[in-house]
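The following paragraphs lead the reader through one structure, from the packing of helices to the core and then to individual loop residues. Please keep the sequence and the coordinates in view while reading.

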Amino acid sequence: MECNKIPEVILNSGHRMPLIAMGTVGDHLPPPEQLISIYIDAIAIGYRHFDTASIYDTEEPLGKAVAKALELGLINNRDELFITSKLWCTDADHDLVLPALKETLRKLDLSYVDLYLIHWPVRVTKGSKYLESLNENILPFDINATWKGMEECCELGLAKSIGVSNFSCVKLKKILDQATIPPTVNQVELNISWQQEKLLEFCRANGVHISAWSPLGSHGSYWGSHKVLESPVLQNIASAKEKSVAQVFIYIYPFDAHKFVLEFVFKFLMYSSDWFKMDI
């Protein structure tokens, strides 16, 4: 099977990041062995960027898939992959950042991640999971002290690049005003129906790359929406160009926004060698 080459962007850290990643979050994940198989298949057809997080419970299966891909010769070395993971809100404290990343690396069985993000701009009590339980468990959050912990991870070589996720312009500016190592990425919800133009403009002006989670609306998940994949405008374009709605969206959306995609996009890529070749 032909391996599809995915375009890359150069981050402000100087490192390259593939513009499309395979997301590993889900509200009803398959068993670990099936996840490992899915990730191996993704590597085989060209995926080189995988997005995980400590809260997703997918770090360990992803790490095993990487090891198996090396064993099978699908990749020559670990450096051919770009692995993103995230600091969960329970560890959003200066003294907890490094231990949290070390635990992530233990689960992944890797010596470093390519990108490490603060998952949300909030700190909560130990044991809090996902957003439903956060409000009642909020703790004081020192953004700049936590960012200092992220910088230390980068300086130790445990994370090649560091960034944030779900940060507003105001919260991101607090980091930028004090940072020694600026955030490379801000990963936020971004799609046709939620375009975040002000945030996009701010990040562009400050050299922070925008990464879009749920760019296709996460149709079918409990947090998702049908507004993207069932958009009449996108459906009409897709029909006229004999492409999928997902492909149309990935093509027309600004290419400085990295696309964080889900498994059904991976299935499309298996049968398409012209993902980025459209004449609209």
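A crossing of two helices is called left-handed if the near helix is turned anticlockwise from the far one by less than a right angle, and right-handed if it is turned clockwise. In the present model, which is predicted, the crossing of α5 and α6 is right-handed. Two packed helices are described by the angle between their axes and the distance between the axes. For helix α5 (residues 169-178) and helix α6 (residues 197-205), the angle is about 15° and the axes lie 10 Å apart. Because angles under 35 degrees count as roughly parallel, α5 is roughly parallel to α6. On the α5 side the contact is formed by C169, L172, K173 and L176, and on the α6 side by K198, L199, F202 and C203.

These two helices belong to a protein chain whose secondary structure comes to nine helices and twelve strands. Of the 280 residues in the chain, 51% are buried. Among contacts with a separation of 6 or more, 68% are between residues 24 or more positions apart.

Within α1, the residues L35, I36, I38, Y39, I40, A42 and I43 are buried. The helix is followed by G46, which has a positive phi near 125°.

The interior can be considered next. In soluble globular proteins, nonpolar side chains tend to be buried together. Here the largest nonpolar core has 52 residues, and those with the most contacts inside it are Y39, F50, I83, L101, Y116 and M150. Helix α1 supplies the largest share of this core, seven residues. A second, separate core has eight residues, including V9, F82, L115 and L117. Returning to L101, its contacts beyond four places in sequence are with V113, Y116, C153, L158 and A159.

T184 is located in the loop between α5 and β10 (185-189). Its relative accessibility is 2%, and therefore it counts as buried. Leaving aside residues up to four places away in sequence, T184 touches L11, N12, S13, L115, S161, I162, G163, G207, V208 and H209.

G14 and S161 are separated by 147 residues in sequence, whereas their C-alpha atoms are 8.8 Å apart in space. With a relative accessible area of 53%, G14 is exposed.

Backbone torsions complete the account. Most residues other than glycine have a negative phi. D57, although not a glycine, has a positive phi of about 65°. This residue is found in the loop between β4 (49-51) and α2 (59-72), and because its relative accessibility is 53%, D57 counts as exposed. N166 is likewise a residue other than glycine with a positive phi, near 65°. N166 lies in the loop between β9 (159-165) and α5. Its relative accessibility of 15% is under the 20% limit, so N166 counts as buried.

Terms used. Residues are numbered from 1 along each chain as its sequence is written. This is a predicted model: local features need pLDDT of at least 70, side-chain atom pairs count only at pLDDT 80 or more; totals for chains, interfaces and linings use all residues. Side-chain values use heavy atoms; hydrogens and water are left out. Buried means under 20% relative accessible area, exposed over 50%, partly exposed in between (1.4 Å probe, protein chains only). Helices (H or I, at least four residues) and strands (E, at least two) are DSSP runs, numbered from the N terminus. A nonpolar core is a set of buried Ala, Val, Leu, Ile, Met, Phe, Trp, Tyr and Cys residues joined through side-chain atoms within 4.5 Å. Contact means heavy atoms within 4.5 Å. Axes are lines fitted to C-alpha atoms, for helices over the stretch in contact, and angles run from 0 to 180 degrees between N-to-C directions. Angles under 35 degrees count as roughly parallel, over 145 as roughly antiparallel, 65 to 115 as roughly perpendicular and the rest as oblique.
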